[in-house]
Amino acid sequence: MAVCGPGECTERERGHARETGRLLARHGAVVICGGHGGVMAAAAAGARAAGGIVVGVLPGPDRTGAGPDLTVALPTGLGQARNNVIVNAADAVIVIGGSWGTLSELALAMRRAAVPVVQIGGWRVHDQSGRPARGIVHAAGAAEAVAATGLFGPPPPTGP
């Protein structure tokens, strides 16, 4: 499950990302992200706090700047082209917030056309006629976004 979003984000986006990571980990999903700050760091922290596994696909040739909550930090040397690796490694893509890099991840996921793409906030994409682009599911928050992927039932109960 990819969680994509800007390296600089709002507190609201950070909260959505952390909760998304937590919920995905509770479902046993491996969270894939860009491995740096903002939405990526919040999703990683949420997943790690819930005992999950997080793979950070880094743009650089080494682990410089990798987030502390990553289970695996994968340097690629691909720069922003690593966005293609992120979305193609995922069974679904959840996009939180918006930046140019995040928009590229959204577009790459939509071009892939093989996985659910869910968006919380961020930019709204329209077709050439001005209508909202088809195929992107818009969610109000983390629980709705995770459910909209269609990959999970209710989360397992917490506690002893």
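**Close-up 1. The aromatic pair of the structure.** The structure, a predicted model, contains 1 aromatic pair. Rings of Phe, Tyr and Trp (its six-membered ring) pair if their centres lie within 6.5 Å; planes under 30 degrees apart count as stacked, over 60 as edge-to-face and the rest as tilted. W100 and W123 are edge-to-face, with 4.9 Å from centre to centre and 85 degrees between the planes. W100 belongs to helix α4 (residues 100-112) and W123 to the loop between β6 (117-120) and β7 (136-139), so the pair ties together parts that are 23 residues apart in sequence. Helices (H or I, at least four residues) and strands (E, at least two) are DSSP runs, numbered from the N terminus. Residues are numbered from 1 along each chain as its sequence is written, side-chain values use heavy atoms, and hydrogens and water are left out. Local features need pLDDT of at least 70 and side-chain atom pairs count only at pLDDT 80 or more, whereas totals for chains, interfaces and linings use all residues.

**Close-up 2. Accessibility of the two tryptophans.** Buried means under 20% relative accessible area, exposed over 50%, and partly exposed in between (1.4 Å probe, protein chains only). W100 counts as exposed because its relative accessibility is 70%. W123, at 34%, counts as partly exposed.

**Close-up 3. The largest nonpolar core.** A nonpolar core is a set of buried Ala, Val, Leu, Ile, Met, Phe, Trp, Tyr and Cys residues joined through side-chain atoms within 4.5 Å. The largest one has 29 residues, of which V3, L24, V54, I94 and I96 touch the most other members. Two or more residues each come from α1 (11-26), β2 (30-33), α2 (39-49), β3 (53-58), β5 (93-96), β6 and α5 (142-148). Helix α2 gives the most, with 6 residues. Another core, of 15 residues, lies apart from this one and includes A90, V95, A109 and I136.

**Close-up 4. Surroundings of I94.** Contact means heavy atoms within 4.5 Å. Not counting residues up to four places away in sequence, I94 touches residues including M1, V3, V118, I120 and V146.

**Close-up 5. Strand β6 and its partners.** Two strands pair if DSSP finds at least two bridges between them. Strands β5 and β6 run parallel and are joined by 4 bridges, and V93 stands opposite V117 in β6. On the β7 side, β6 also pairs in the parallel sense over 4 bridges, with I120 opposite A139 in β7. Both faces of β6 are covered: V117 and Q119 on one side, and V118 and I120 on the other, are all buried.
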